[in-house]
Amino acid sequence: MQVWNMWGGLIYLLAPRDVKVEEEEVVVQEAVTAPFYKSGVTKAADWSSLRQAPAPWAEMEFDNIILTVPSHIIRELQSPLEVEKLWNGIMKGVADLAVIPQKFIRKERIVADVQISAGWMHSGYPVMMHSSIGAELFNPEDARTKGLWGETHELGHNQQRSYWEFPPHTTQATCNLWSVSVHEEVLGLNRAKAHPSMTSASRKDCVETYVREGRKLKNWNVWTDLETYLQLQKKFGWAAFKRVFANYQNMSNYPGDNDGKMNLYAETFSKAVNMNLTGFFKAWGWPIKQATEEELSNLPRWTDHPMAQYS
């Protein structure tokens, strides 16, 4: 079997998981060495020469993520260990909130290219971004002072699960739980500095506009939607979300409709924090059913929640 690519690019030889390949011959022609760094394999002392390899694409592979960019972006990168520390920390933060094993079954990928499928960045495998901003992936100092909201937003998308998602409302919102948590817990950057929409004034305006317009779910999207979750986080902390995500992993037969899923979420979160949150969710316009209220009636009610002031 012969394969070739008229445009060039990186070459990957992949075998299925747990398959042992023996006595196979692979011949590579018309190829040149690419800059490549791998955690635990590449020696930092060798990086100064490896980063000058002539191929136009470079790759850096860390514990749970692989970054692929045009080679010119990393030619002057002198401290791969600092970049490794940055991304190992970010991915640990992603795994912590999602309550998944620290070692990913499949490492995430981010690819920076001149043309991508949609938008400025998009999620998936790989996460894609425009190469014009690819250098920000390798600047730990800027990451800790200016943030990496877009990248963590897309990595958050990859952790969203249909059973606690209520599309289209939460599609561009709950992914930002990872943006907020990684910036504060890993990068040490306050959420208000991580994104303009995270300032106190902007968040307050979202809530007041939503209330003024009648608390209609059709208006419960993006930043307004995220505020619901951030109010829960302020009261109960990130640990509550971890308990909720962990509890979902032990469930089966989830509702398929938004109303059912929202009631299940209200019930699951309430039980995770041992408090009846139905009043809070109803104040946000959620379609809480009588059966859900009855199921949680033995728990103390959260009466002084942030939305109570708008009653």
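Start by selecting Arg109, which sits in strand 4, residues 108-113. Bear in mind throughout that this is a predicted model. Arg109 comes out as buried, because its relative accessibility is 15% and the cut-off for buried is under 20%.

Select Arg191 and Glu184. Their closest N and O atoms are 2.8 Å apart, and the pair forms a salt bridge. Is Arg191 buried or exposed? Buried, with a relative accessible area of 10%. Glu184, at 23% relative accessibility, counts as partly exposed.

Move on to Asp142 and Lys146, whose side chains form a salt bridge with an N to O distance of 3.8 Å. Lys146 is exposed, at a relative accessible area of 56%, while Asp142 is partly exposed at 29%.

Now show helix 9, residues 258-273, and pick out Glu267 and Lys271 in it: they are 4 residues apart, about one turn of the helix. These two form a salt bridge as well, with the closest N and O atoms 3.0 Å from each other. Both ends are partly exposed: Glu267 has a relative accessible area of 21%, and Lys271 has 40%. While you're on salt bridges, select Lys38, Glu61 and Lys107 together; bridges with shared partners link these residues into one network.

Time for the surface. Select Ile11, Leu13, Val26 and Val28, and you have a nonpolar patch of about 400 Å². Val28 is in the segment before strand 1 (36-38), and its 48% relative accessibility makes Val28 partly exposed.

Then the cysteines. How many disulfides does a search of the whole structure find? The count is 0. Cys175 is in no disulfide, and the nearest cysteine sulfur belongs to Cys206, 15 Å away. Color by accessibility and you'll find Cys175 buried at 0% and Cys206 buried at 17%.

Last stop: select residues 1-237, which UniProt, in an unreviewed entry, annotates as "domain: Peptidase M60". Over that range the chain is 34% helix and 11% strand, with the end C-alpha atoms 55 Å apart.

Definitions and conventions: Residues are numbered from 1 along each chain as its sequence is written. This is a predicted model: local features need pLDDT of at least 70, side-chain atom pairs count only at pLDDT 80 or more; totals for chains, interfaces and linings use all residues. Side-chain values use heavy atoms; hydrogens and water are left out. A disulfide is a pair of cysteine sulfur atoms within 2.5 Å. Buried means under 20% relative accessible area, exposed over 50%, partly exposed in between (1.4 Å probe, protein chains only). Patches are made of residues with over 30% relative accessible area and no salt bridge: like charges are joined within 9 Å, nonpolar side chains (Val, Leu, Ile, Met, Phe, Trp, Tyr) within 5 Å. Accessible areas come from the Shrake-Rupley method with a 1.4 Å probe; for residues, only the protein chains shown count as cover. A salt bridge is a side-chain nitrogen of Lys or Arg within 4 Å of a carboxyl oxygen of Asp or Glu. Helices (H or I, at least four residues) and strands (E, at least two) are DSSP runs, numbered from the N terminus. UniProt positions are given in the numbering used here, feature names are shortened, and annotations may be inferred rather than shown by experiment.
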